[in-house]
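Please read the points alongside the model.

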Amino acid sequence: MNKKENYSSVLLAAGTSSRMKQWKPGILLNNKPLLFYSLKTLSEVCNEVIIVGGYNFEKLLRLTDEFSNKYNFPLICVENKNYLSGMFSSVKKGIENVTADNIFIALSDIPFVKSETYIKMIDCFETTETKPD
């Protein structure tokens, strides 16, 4: 069995980026939107990636479409209309759309988490004798 099939990720990208003064998911780093770094890593370890947007949702849809086309990986993009009520509202919105048993929650403005890190977490979880019900 492919472990990847048992894992989904919820990538949070709904915030206003108010402290940054620019919308973080769209900031270019090495000519690539910051969002793409997290999406690429999560697509390598998860069968399903759900992006939760709010602020600049239309721009987020364009970026996710661009990523899907470039890397041939389907994404699910959902809108949290209550994103101003806090990050947990986005977590809940994302989890509503998950189909796998195991979930990673990730932040779109922390793009340099390596796939190896997620794989180590998966391996640790898979080898633990007692798993939560």
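1. In this predicted model, α2 is followed by Asn72, and the phi of Asn72 is positive, near 50°.

2. Helix α2 itself comprises 15 residues, 57-71. The distance from its first C-alpha to its last is 21 Å, close to the 21 Å expected at 1.5 Å a residue.

3. Which residues of α2 are buried? They are Phe57, Leu60, Leu63, Thr64, Phe67 and Ser68. These residues lie on the same side of α2 because they cover an arc of only 135° around the axis. As a general point, an α-helix has 3.6 residues a turn, so residues three or four places apart point the same way.

4. The buried residues of α2 pack against β1, β3 (32-33), α1, β4 (48-53) and β5 (76-79). On the face turned away from that buried side, α2 carries the exposed residues Glu58, Arg62, Asn69 and Lys70.

5. Within α4, the residues Ser115, Tyr118 and Ile122 are buried. Their arc around the axis is only 65°, which puts them on the same side of α4. The elements covering these buried residues include β1 (7-13), α1 (34-45) and β6 (102-107).

Methods. Residues are numbered from 1 along each chain as its sequence is written. This is a predicted model: local features need pLDDT of at least 70, side-chain atom pairs count only at pLDDT 80 or more; totals for chains, interfaces and linings use all residues. Side-chain values use heavy atoms; hydrogens and water are left out. Buried means under 20% relative accessible area, exposed over 50%, partly exposed in between (1.4 Å probe, protein chains only). Helices (H or I, at least four residues) and strands (E, at least two) are DSSP runs, numbered from the N terminus. The arc is that of the directions from the helix axis to the C-beta atoms. Contact means heavy atoms within 4.5 Å. The expected span of a helix is 1.5 Å times one less than its number of residues.
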